[in-house]
Amino acid sequence: MSKPTDLVQGTLDLLILKTISLEAMHGWAIAQRIRQMSAEVLQVQQGSLYPALHRLEQQGWIEAEWGDSENNRKAKYYSLTSAGKTRLAEEQHQWERLSGAINLVLNPSS
Amino acid sequence: MRVWRKGRNLLHSVFRSGNADGGLDAELRFHLEMETAANRARGMPENEARTEARRSFGMVAQVAEECRDARRTRPLRDAIADGRFALRSYLRNPLGAALVVITLALGIGANTAVFTMLNAVLLRSLPVEKPEQLAYFWQGTPEDKGNSFSYPFYRQFAERSRSFSGVIAWDGRSLSAGIGNSSERAAVELVSGNYFAVLGVSAAAGRVLGVEDDRRPGAHPVAVLSYNYWQRRFGGATTALGSSIRLQGMPYEVIGVAEPGFFGVRVGQSPDLWIPMAMEASTKTGEGWLDSSGWSWLQMMGRLAPGISREAAEAEASTLARAILEEDLGINGVPATALEDWQRARLSQKIFLDEAGRGISSLREQFRTSLWVLAALVGTLLLIACLNLASLFSSRVERRRSEIGTRLALGASRGRIFRQFCLESLLLSLLGGAAAVGVAPLATHTLVALLPAQEGPAYLDLQPDATVLLFTAAVSLLCAAIFGTVPALLASRIGIGNALKAGDATTGRGSRYPIALLSPQFGLSLVMLAAAGLFGLTLVRLQSLDTGFPRESLLLASVEPGATGLKRDAIPAFYTDVLTRMGSIPEVKAAAIGRIRPLSGGLMRESIQVPGRTAGSPGDWDCDVQYVSPGWFRTLEIPLLRGRDLAASDDTNSTKVGVVSESLARRFFPDRDPIGQRIGMGGDANVFIVGVVRDAAYSDPKQPHAEVLYLSAIQNPDLFQQATFFIRHSGSAKRIAGILRTAVRETIPDLPLYAVETMNEVFDERFARERMVAWLAGGFAVLALLLATIGLYGMVSHWASMRRREFGIRLSMGATPADLVGLVARKTAVSLLAGLGIGLGAIAALAPFIEDLLYGVSSRNAVVLAGAALVMIAAGMLAAVLPAREIARTAPMEVLRNE
């Protein structure tokens with residue numbers, strides 16, 4: 001397996017926001033989901049996940065609530081706030097512009 | 001919304017006790033368990049599953065810290081941790097911490113008290129609507145201004161002026177106020193109908209006076225109570241409304257109570273009642289003054305119309321005033337050349353407007369400088385205390401070396417140490433400030449009690465408002481900055497190696513700071529000692545003023561027989577009766593009556609005419625006037641120099657006579673004998689001078705050469721509706737006062753005696769301000785020196801005990817104790833000399849500001865300065881040499897054995 005791609009902070013934020021936009025999850029589940037959805041290409045550095053989550057919470061894009069998990073343990077579930085939804089849309093738009101631009105440079109249309 | 005959420009998160013993460021991070025530990029633990037379970041599911045054995053989970057996670061502690069940092073709570077969390085640590089250490093040594101907090105509380109409290117007074121007297125706006133629009137009226141010339149106006153002038157002006165949206169007028173009087181059977185004097189203000197409306201003051205109960213209450217003279221016996229008076233005399237009962245109160249015997253209906261906090265427009269006084277101007281005539285016997293343009297007795301204030309500046313209003317007002325005067329004198333259209341001198345002079349007078357947003361206050365003028373001086377003194381005292389604390393805490397830093405070293409070794413940054421020490425000081429300072437808020441009201445009341453009650457009961461709105469609280473907070477922070485910064489700097493500069501070493505501290509840079517803090521303390525103490533000396537000397541000079549007559553054993557008491565409805569003709573007989581009774585008592589050496597109380601600030605001035613002399617401006621012919629009974633000069637023991645005293649035979653049927661003071665004679669009759677000369681008052685020259693008396697002070701004790709015309713009480717009965725008894729006596733004043741009271745009561749049953757005081761008391765009252773400043777300055781100076789010397793004593797003890805080892809070695813090598821003491825003495829002397837320099841410099845800079853408060857003493861008085869310097873140096877040297885001697889006497893062997 002090739003080395004997992006290191007994720008830049010900004011993109012990690014985007015991925016987290018997207019992941020929990022579908023349903024509220026706890027930190028571990030978020031990491032697994034990102035791995036799954038990216039077909040195992042993106043392996044989140046677990047050490048960077050939690051600081052990112054706390055930062056996003058502090059900034060108000062996501063909110064947390066303690067709930068019961070699968071194995072009946074208490075876990076902290078994160079979900080998007082309405083401001084977060086807006087932020088996600090913006091970030092996604094930005095990403096698409098950026099990657100679109102890079103694509104143009106790499107593959108100039110003939 | 002987002003900001004709210006951010007803030008809430010911040011607070012949650014900071015203050016959730018124990019778990020100040022939103023359950024971070026539990027969250028991470030959960031993750032590790034899930035990962036471990038996943039590993040197990042992949043087939044790893046238990047232990048391996050666990051370690052693999054840990055490994056792929058990374059260093060848990062570090063991640064946790066990063067999470068906490070991500071929440072941006074580090075500085076606040078650190079501060080709270082430091083705060084908890086500080087509190088615990090204070091609880092372990094409560095006495096030390098308590099002492100510091102108490103010192104700060106007293107110091108900050110004193111400052112807050114003075115500031116509260118400053119605020120109330122100098123700074124605070126009147127509690128009325130838009131106070132900045134108000135302006136107070138003066139008339140005259142820039143050198144000679146008066147603030148009294150006549151009623152006709154006021155009416156004309158108010159109607160015709162365009163620059164003001166409203167002009168009010170008032171006069172304050174002391175009247176007898178009877179409720180039910182009891183009667184006491186009340187401070188009453190006669191006000192124009194628009195008074196409350198223009199000021200924008202509403203009623204707390206009932207209604208306030210309006211224009212409809214001021215239409216017809218004598219037809220509106222209604223009164224509005226002040227809130228305080230309502231509480232005090234009526235108990236705040238609603239039954240007060242509609243009840244009746246008798247002013248000078250006439251019943252008035254109470255129609256309302258003014259809103260709480262409104263005390264009129266004079267700062268330092270509060271009328272008890274407001275009644276319509278229309279009732280003026282009923283407040284006294286004799287003619288009313290409403291119709292007379294000759295009597296100037298009202299004060300005026302106006303609200304500037306929107307958009308009009310004070311300068312523009314002044315110009316318009318002066319023009320209007322001139323026009324009104326011309327009409328009044330019947331000289332409009334008369335060319336200037338045809339006018340008489342005095343008419344020309346009157347017309348050249350202008351109107352001046354003072355901003356009145358903060359109220360008018362003679363209190364302010366008198367006390368402006370003293371309050372600022374007081375503020376400077378308490379501020380300096382607090383500064384000295386803080387410098388003291390700074391030395392104290394600096395030396396404590398020495399003792400905490402190992403604690404600091406350990407923290408540094410564990411990875412704390414120097415900035416963190418600095419912040420920690422700063423926080424400790426801040427905590428103490430804030431505690432001190434909070435305690436000060438409790439202490440301050442007491443101190444304020446004490447200060448106010450020292451104010452003279454000159455023009456009626458002193459009333460200051462002393463409720464602490466936001467400004468005062470803000471001030472207290474600011475001062476607390478400033479204190480923390482002063483005494484916290486130096487120790488914190490010291491602490492953060494300690495080298496690790498140095499810190500962890502056991503044994504004596506070497507003489508590092510650290511020991512220089514405390515000594516550097518010494519000099520300013522002593523320098524400032526010098527300033528305070530000098531100030532105390534100057535104020536004290538001023539007081540001494542004032543107390544020994546020669547007022548032209550002996551002040552001992554002279555009793556004064558006032559009555560107002562006119563208020564009891566006694567017939568006018570019966571009043572002279574009443575006085576004669578009482579005087580005769582008093583004369584028959586052995587302890588009474590002499591007794592008389594007079595209209596004005598000397599030295600009390602009250603006065604009457606008249607324009608007089610001396611036939612044969614005309615040139616000069618109107619003011620040249622003003623003199624002071626006093627009305628006295630025969631025998632008054634004998635009672636006051638003012639010697640008669642020429643001619644004769646007023647006599648009982650000078651009555652209403654004979655020619656009017658008068659006695660003049662030497663200075664008046666010298667001014668108006670420089671080249672001839674005044675005896676037999678005529679003086680005119682009010683248009684006809686009909687007063688003959690029969691005697692000349694030695695100069696005596698009239699209303700101002702500092703001016704013993706008053707130009708006074710003494711007229712006969714018998715010949716001016718109208719002015720004796722109220723009068724003051726003067727009794728020269730032997731023995732106790734209290735006894736004589738009691739006898740007088742009885743004598744009066746036996747003559748007229750219901751007549752109360754008021755303002756009973758000795759001449760000395762009247763005199764002392766005049767210098768209440770100087771006395772207050774002198775005593776306070778003296779007290780503060782003593783405190784300051786005490787603080788500085790105790791600080792020095794402690795510091796030298798500490799310093800010397802830290803150097804026991806060094807001393808022991810020196811002693812064993814042949815030094816004598818005297819050498820060591822000499823060492824200390826030299827260091828101290830240097831500090832004290834530096835302090836002297838600082839102090840003298842400060843004194844030179846500040847001296848001009850206190851000139852106003854001094855009398856008979858220059859602010860550069862060499863004796864006082866030398867004395868102060870001597871005291872300071874002596875105290876300092878003593879404080880340093882005593883502990884040094886103690887330490888130096890220690891036997892060297894004992895010291896070395898302790899190693």
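Which residues are linked with Glu27(B) in a network of salt bridges? Glu57(A) and Lys76(A) are linked with Glu27(B) in this network. The legends below describe a predicted model.

**View 1. The interface of chain B and chain A.** On one side, 27 residues of chain B are in contact with 28 residues of chain A. About 2,500 Å² is buried between chain B and chain A, and carbon and sulfur atoms give 54% of that area. In chain B, the most area is lost to chain A by Glu27(B), Phe30(B) and Met34(B), which together account for 25% of what that side buries. Glu27(B) also belongs to the network of salt bridges with Glu57(A) and Lys76(A).

**View 2. The side of chain B that touches chain A.** Between chain B and chain A, 5 residue pairs are in polar contact, counting pairs with both residues at pLDDT 80 or more. The elements of chain B that give two or more residues to this side are helix H1 (2-15), helix H2 (24-41), helix H3 (46-57) and helix H4 (60-70). H2(B) supplies the largest share, 10 residues. By residue type, the side of chain B that touches chain A divides into 11 nonpolar, 5 polar and 11 charged residues.

**View 3. A salt bridge between Glu33(B) and Arg73(A).** Across the interface of chain B and chain A, 2 salt bridges are found. In the pair shown here, the side chains of Glu33(B) and Arg73(A) meet at 2.0 Å, N to O. The pair crosses between chains: Glu33(B) is in helix H2 of chain B, and Arg73(A) is in the loop between strand S2 (62-68) and strand S3 (74-80) of chain A. Glu33(B) is partly exposed, with a relative accessible area of 33%. Arg73(A) is partly exposed as well, at 34% relative accessibility.

**View 4. A salt bridge between Glu184(B) and Arg233(B).** The closest N and O atoms of Glu184(B) and Arg233(B) are 3.5 Å apart. Glu184(B) is partly exposed, with a relative accessible area of 32%, whereas Arg233(B) is buried, with a relative accessible area of 18%.

**View 5. A salt bridge between Arg771(B) and Asp764(B).** The side chains of Arg771(B) and Asp764(B) meet at 3.6 Å, N to O. Arg771(B) is partly exposed, with a relative accessible area of 23%. Asp764(B) is partly exposed, with a relative accessible area of 26%. Over all chains, the structure holds 40 salt bridges.

Terms used: Residues numbered from 1 in each chain as written. Chains lettered and ligands numbered in written order. Predicted model: local features only at pLDDT ≥ 70, side-chain atom pairs only at ≥ 80, totals over all residues. Heavy atoms only, no water. Contact = heavy atoms within 4.5 Å. Buried area = accessible area lost by both parts, 1.4 Å probe. Salt bridge = Lys/Arg side-chain N within 4 Å of Asp/Glu carboxyl O. Polar contact = N/O pair within 3.5 Å; in protein donor to acceptor, adjacent residues only side chain to side chain. Helix = DSSP H or I, 4+ residues; strand = E, 2+ residues; numbered from the N terminus. Nonpolar A, V, L, I, M, F, W, Y, C, P; charged D, E, K, R; others polar. Buried < 20%, exposed > 50% of the residue type's maximum accessible area, 1.4 Å probe, protein only.
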